[in-house]
Amino acid sequence: MNAALLIDASYFVAAFLFIYGLKRMSSPLTARSGIVVAGAGMVLAVLASFLYTLDVNEAAKPHLSTNLTLALLALAIGLGWAWRSGKKVAMTEMPQMVALYNGMGGGAAAAIAAIELIGYKTHGSISLSLAVLGGVIGAVSLSGSLIAWAKLDGRINGTLRFNALQLVNGGLLLVLLAMGAYIVWQGGAVSMPVFAVFFALALVYGVMMTMPIGGADMPVVISLYNAFTGLAVGFEGYVLNNPALMIAGMVVGSAGSLLTLLMAKAMNRSVANVLFSNFGAAGDEEQGEMAGSQKPIDAGDAGINMRYATKVIIAPGYGLAVAQAQHKLYELVKLLQDADVEVKFAIHPVAGRMPGHMNVLLAEAGVPYDIIYDMEDINNEFKDADVAIVIGANDTVNPAARSNKSSPIYGMPILNVDMAKQVYVVKRGQGKGYSGVENALFYADNTQMVYGDAQKVMVSMIQAIKSLGGGH
Amino acid sequence: MEYSTTILTGFVALYIFMLAAFTGFEIIGRVPAILHTPLMSGSNFIHGIVVVGALWALLNASSLPEQIIGFLGVLLGAGNAAGGYVVTERMLQMFKPSSKSPKAKE
């Protein structure tokens, strides 16, 4: 049996399984089997690639047993570590784990480029260009994703900003491009230190590009780096003449780019604006005092009022997940449903830390997805709702985005919770949201504040409703 | 009959890139926002295929620097694939329709 034929056939099947798996993942009904299908493709491709041992370069033949040992060791360590960490991580910390794994993929693509270049194995200007380009993109994705991970994980606080930052970054990018062009121009025949400086600069650029971006924008950035890694993998696939890498990489490159655009659009900002503006840097002093005052209400009273409402809409935010209150919230929802209250969830596109993140967190608590609605599907229903309850959300429900042109979040689509007859806001204290903007909703006449940890508030509400006794 | 690997260069490669790009675009284009995070995670898993390229590079390494970089490449690629799979699988496990109202949202 011909090994090359077997490898190519396996890659063909793997590419089919990837695309079919992604397709299944794109509908809630089939999503769970989609990842299994794609996973089977991955296992097949990895197993088939061990057939490479039968046919390696002349120069590598003396090293084959060492290389094979190294390969098995690297696979075992990488797989073992990632499997364990992936199983352990809490659902709220999912976004940074995705960032971390994504950065690793970018690093692997950059490693392929580095081996091809320092071994002088790649020839022809197209192959060289793609090797260089994939290497840069992969390296930027690696260091950028690591910064994104560290920021979301709270290991780096604050942002690095100075006036000439964009200038420095622009200069860095130009130097990178010039060096890349030089490498291609020389047919790849440049000395080792040049390659070392080249890759080091790419890593630095990834750091510098990500540092000035605030935590609230990280989802868009992670999605962008996901697309970057895809592109890098696709390009290195060309260099290695490997169709599985080319297809999988380019599918992810385009899907990730589109996802990035959708996410930026949901925040009413362009991708360029996310990457290059100093959002949230100005602001605090130019906001005047809010008219009116925040009116507190007891959690139990708020719960009982919901029990006698006809329609309640819940607007959850990241604060809900941080307080680990989603399970208690669902318990409350079930109590309300038993009392014939119509309950719906309204999800802002950027609720949580990634689009769809809140859906995942609610799903974890067992909330069925058919009472969860996207913003555009439910925004017209708030005016018919007796109660809208905001839990741990802030900027996504700030009416200033609709009305106040001087507000930094002006123009961002928001949930129309302020149109409900009564608004309850569950909040830890009187602080501001992620963007540092005051929230006019909290001072509105129809808003009452329930101060406290979201989980404790849910428990108080549940107890208050239960104390009313059964009877419908 | 002797089989030899097809060399994918020039326009053949361009066609592959173009069709793959359209495929990715179409798959994401019609997806409800509820699945954006799992899909981002799922596509993150799929570019973990890079481990296969890293394996090839490591198996064909002929100097110490190449072996070191290749080792790192396979390690990182395997982490990408395995981590991406576990995280995506965990997220998708949670998608259960409500038992009370079996009708789909659309």
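Student: Among contacts in chain B between residues at least 6 apart in sequence, what percentage joins residues at least 24 apart?

Tutor: A contact means heavy atoms within 4.5 Å. In chain B, 68% of the contacts between residues at least 6 apart in sequence join residues at least 24 apart. Please note that this is a predicted model, in which local features need pLDDT of at least 70 and side-chain atom pairs count only at pLDDT 80 or more, while totals for chains, interfaces and linings use all residues. Residues are numbered from 1 along each chain as its sequence is written, chains are lettered from A and ligands numbered from 1 in the order in which they are written, and side-chain values use heavy atoms, with hydrogens and water left out.

Student: Which pattern does chain B follow along the sequence?

Tutor: Helices (H or I, at least four residues) and strands (E, at least two) are DSSP runs, numbered from the N terminus. Chain B has 4 helices and 0 strands, in the order α-α-α-α.

Student: Which residues of chain B does UniProt list as "transmembrane region"?

Tutor: The unreviewed UniProt entry lists residues 6-25, 45-62 and 68-87 of chain B. UniProt positions are given in the numbering used here, feature names are shortened, and annotations may be inferred rather than shown by experiment. In the model, residues 6-25 of chain B are 80% helix and 0% strand, with end C-alpha atoms 27 Å apart. For residues 45-62 of chain B the values are 67% helix and 0% strand, with the end C-alpha atoms 30 Å apart.

Student: Why is helix 3 of chain B described as largely enclosed by the rest of the structure?

Tutor: Buried means under 20% relative accessible area, exposed over 50%, and partly exposed in between (1.4 Å probe, protein chains only). Helix 3 of chain B (residues 50-59) has 9 of its 10 residues buried, so it is largely enclosed by the rest of the structure. Among the buried residues are V50(B), G53(B), L55(B) and L59(B). Of the 106 residues of chain B, 59% count as buried.

Student: Is T53(A) buried or exposed?

Tutor: T53(A) has 19% relative accessibility and therefore counts as buried. This residue is found in the loop between helix 2 and helix 3 of chain A. Leaving aside residues up to four places away in sequence, T53(A) touches L64(A), L68(A) and L59(B). A polar atom of the T53(A) side chain also lies 2.6 Å from the backbone oxygen of F50(A). By contrast, A40(A), in helix 2 of chain A, counts as partly exposed because its relative accessibility is 40%.

Student: How much area do chain A and chain B bury between them?

Tutor: The size of an interface is often given as the accessible area lost when the parts come together. Buried area here is the accessible area (1.4 Å probe) that two parts lose on being put together, summed over both. Chain A and chain B bury about 9100 Å², 76% of it on carbon and sulfur atoms. In chain A, R32(A), I35(A) and Y369(A) lose the most area to chain B, together 7% of what that side buries. In terms of contacts, 111 residues of chain A meet 87 residues of chain B.

Student: Which side chains meet in a salt bridge?

Tutor: A salt bridge is a side-chain nitrogen of Lys or Arg within 4 Å of a carboxyl oxygen of Asp or Glu. The count between chain A and chain B is 1; E66(B) and K121(A) meet in a salt bridge at 2.9 Å, N to O.

Terms used
A polar contact is a pair of N or O atoms within 3.5 Å; within protein, one must be able to donate a hydrogen and the other to accept it, and residues adjacent in sequence count only if both atoms are side-chain atoms.
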